[in-house]
Amino acid sequence: MGDLQHTSQDPTEDNSKDAKGEESKLEFSEDEESLIARMFSLVGQRWGLIAGRIPGRSAEEIEKYWTSKYSSSSSGQ
């Protein structure tokens with residue numbers, strides 16, 4: 001149980017990693033954007049499946065990218 005509490009404290013380290021790489025990693029190439037869009041149309045919001053097709057990308061990065069890019073337009077679709 002101590003590990004579970006420690007894990008709860010650990011995301012601060014994770015945030016610092018994200019903050020450092022977030023700017024460069026949230027920039028997706030046209031190929032990545034196209035693949036994300038195609039995969040999304042096939043599997044929906046299964047970010048882990050989509051991330052598995054794009055080397056070096058996490059499910060969280062892809063979800064953040066999708067949400068930031070399509071959140072306003074997806075509500076109208």
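Analyst: Rings of Phe, Tyr and Trp (for Trp, its six-membered ring) pair if their centres lie within 6.5 Å; planes under 30 degrees apart count as stacked, over 60 as edge-to-face and the rest as tilted. Ring pairs of this kind link Phe40, Trp47, Trp66 and Tyr70 into a cluster.

User: Before we go on, what sort of model is this, and what are the ground rules?

Analyst: This is a predicted model, where local features need pLDDT of at least 70 and side-chain atom pairs count only at pLDDT 80 or more, while totals for chains, interfaces and linings use all residues. Residues are numbered from 1 along each chain as its sequence is written, and side-chain values use heavy atoms, with hydrogens and water left out.

User: What is the secondary structure?

Analyst: The protein chain has five helices and zero strands, in the order α-α-α-α-α from the N terminus. Helices (H or I, at least four residues) and strands (E, at least two) are DSSP runs, numbered from the N terminus.

User: Back to the rings. How many aromatic pairs does the structure hold?

Analyst: The structure holds five aromatic pairs. One of them is Phe40 with Trp47, which is stacked, at 5.7 Å centre to centre and 20 degrees between the planes. Phe40 also forms a stacked pair with Trp66, at 4.1 Å centre to centre and 25 degrees between the planes.

User: Ok, charges next. How many salt bridges?

Analyst: The count is three salt bridges, where a salt bridge is a side-chain nitrogen of Lys or Arg within 4 Å of a carboxyl oxygen of Asp or Glu.

User: Take Glu32 first. What is its partner?

Analyst: Glu32 forms a salt bridge with Arg57, and the closest N and O atoms are 2.9 Å apart. Glu32 lies in helix H3 (residues 30-43) and Arg57 in the loop between helix H4 (47-52) and helix H5 (59-74), so the pair ties together parts that are 25 residues apart in sequence. Glu32 counts as buried at 16% relative accessibility, and Arg57 counts as buried at 15%.

User: What else does Arg57 do?

Analyst: Arg57 lies over the face of Phe28, at 3.9 Å from the ring centre. A charge sits over a ring if NZ of Lys or CZ of Arg is within 6 Å of the ring centre and within 35 degrees of the ring normal.

User: And the salt bridge of Lys69, where does it go?

Analyst: Lys69 bridges to Glu33, with the closest N and O atoms 3.5 Å apart. Lys69 is in helix H5 and Glu33 in helix H3, so this pair ties together parts that are 36 residues apart in sequence. Lys69 is partly exposed at 40% relative accessibility, and Glu33 is partly exposed at 23%.

User: That leaves Glu60. Which residue does it meet?

Analyst: The side chains of Glu60 and Lys64 meet in a salt bridge at 3.4 Å, N to O. Being four residues apart in helix H5, Glu60 and Lys64 are separated by about one helical turn. Glu60 is partly exposed at 42%, and Lys64 is partly exposed at 35%.

User: Switching topic: which residues make up the largest nonpolar core?

Analyst: The largest nonpolar core has ten residues: Phe28, Ile36, Met39, Trp47, Ile50, Ala51, Ile54, Ile62, Tyr65 and Trp66. H3, H4 and H5 are the elements that give two or more residues to this core. A nonpolar core is a set of buried Ala, Val, Leu, Ile, Met, Phe, Trp, Tyr and Cys residues joined through side-chain atoms within 4.5 Å.

User: What does Ile54 touch?

Analyst: Not counting residues up to four places away in sequence, Ile54 touches Glu32, Leu35, Ile36 and Ile62; contact means heavy atoms within 4.5 Å.

User: And Leu49, where is it found?

Analyst: Leu49 is found in helix H4 and is partly exposed, with a relative accessible area of 48%. Leaving aside neighbours within four places in sequence, Leu49 is in contact with Met39 and Val43.

User: Last one: how much of the chain counts as buried?

Analyst: Of the 77 residues of the protein chain, 18% count as buried.

Definitions and conventions:
Buried < 20%, exposed > 50% of the residue type's maximum accessible area, 1.4 Å probe, protein only.
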